[in-house]
Structure formats: structure tokens, C-alpha cells
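The questions and answers that follow concern the terms used to describe a protein model. Each answer sets a value beside the definition of the term.

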Amino acid sequence: MTETETIQYTADVVALTPSGHVLLIERGWLPFEGAWALPGGHVDSGEAPFVAAARELAEETGVYVPVGNLHQIGIWDEPDRDPRGRYVTFAYMAIVPDGTQAIAGDDARAARWWPLSDLPEQLAFDHAQIISTAITPNS
């Protein structure tokens, strides 16, 4: 008999500025507590992933992006991408104006704009790959 696997769905946002900055949060919880990550989180029951992405971005950073301004860049579903179990994330990208203020909220310790040319050495999960996909033309 085949064992049924529970899959959790999340949504992450690569918020970029025209001047080449990406918005990251410092995680305040396990796994990867203290590491920098993309804003994102669980998709609630009955919620569309793009709605969850906009909600999580606002909750964690105070940055509001209309759902119509989110562009899906891919789905990350490697079985071992999250140490908590099977997590599948829908990743979106949004361009926000330079100078947009970000304030840590929800579970984030900090929210900060990072130059794409000077990202933290280690990002949580597979977020470095998600950012790379977002900024690579024709990805």
C-alpha cells in the first residue's frame, strides 16, 4: 500500500526595484531562524496562491502590491526543499518603486532592501535559486 504524503502550499514574492534591489526578511522562526529569505508563507484554505503572496508580502514587510502586479515565475517543488516536510511554493515577482519603505511585521525580525549584487551569503531554503530565476531574462 502506498503511503499518502501531506503537501503544504506556500507563496513567495521576489519584490524588485528598478535600481536592482530585492526585498528580504530576516526569519524570526525555525527553520532557518535568523537567515534572510523572501517574504512569503502558507497559502490559507480556499485562498489562491497569488492572493497569499500579496497578503504575506504585506504582513511581513508592509509593502502592498496589487495581485494584478504579481507575475508568476515558477513553482518550486523539490521533495527536500524544506526540512519541515513536503512544501511546494508558488513564486511571484513584482516591480515596486525605488524608495518603497519596508517595515518588518508578522514573523519577520527585519525587512531590508538588498542590492542584487551584494546579497547575503546564505539565503533560506532555495530562495537564491528563486531570485536567480526572477532576474534571468527569458527564464
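Q: How many residues apart are R55 and E59 in helix α1?
A: In this predicted model, R55 and E59 are four residues apart in helix α1, which is about one turn of the helix.

Q: What makes the contact between R55 and E59 a salt bridge?
A: The term requires a side-chain nitrogen of Lys or Arg within 4 Å of a carboxyl oxygen of Asp or Glu. The closest N and O atoms of R55 and E59 are 3.3 Å apart, so the pair meets the definition.

Q: Which residue forms a salt bridge with E47?
A: The partner of E47 is R55, and their closest N and O atoms are 2.8 Å apart.

Q: Why is E47 called buried, whereas E59 is called partly exposed?
A: Buried means under 20% relative accessible area, and partly exposed lies between that value and 50%. E47 has a relative accessibility of 17% and therefore counts as buried. E59 has a relative accessible area of 35%, so the term partly exposed applies.

Q: What joins the side chains of R84 and D82?
A: A salt bridge joins R84 and D82, with 2.6 Å from N to O.

Q: Are R84 and D82 buried or partly exposed?
A: R84 is partly exposed because its relative accessibility is 38%. D82 is buried because its relative accessibility is 5%.

Q: Why is V51 called partly exposed?
A: V51, which is found in helix α1, has a relative accessibility of 33% and so counts as partly exposed.

Q: Which residues make a nonpolar surface patch with V51?
A: F50 and V67 make the patch together with V51, and its area is about 210 Å². A patch residue needs over 30% relative accessible area, and V51, at 33%, therefore passes this cut-off.

Q: How much space lies in the largest pocket, and which residues are closest to its centre?
A: The largest pocket holds about 270 Å³ of space. Of its 21 lining residues, R27, W29, G40, G41 and R84 are the closest to the centre. The elements that give two or more residues to this lining are β1, β2, β4 and α1.

Q: How many residues of each class are in the lining of the largest pocket?
A: The lining has six nonpolar, five polar and ten charged residues. Gly counts as polar and Arg as charged.

How values were computed. Residues numbered from 1 in each chain as written. Predicted model: local features only at pLDDT ≥ 70, side-chain atom pairs only at ≥ 80, totals over all residues. Heavy atoms only, no water. 1 Å grid on protein atoms, 1.4 Å probe; cavity = no way out; pocket = protein on both sides within 12 Å on 5 of 7 lines; lining within 4 Å. Points joined across faces, edges and corners; volume = space filled by probe spheres on them. Patch = residues over 30% accessible without salt bridge, like charges linked within 9 Å, V, L, I, M, F, W, Y side chains within 5 Å. Areas by Shrake-Rupley, 256 points an atom, 1.4 Å probe, with all protein chains shown as cover. Buried < 20%, exposed > 50% of the residue type's maximum accessible area, 1.4 Å probe, protein only.
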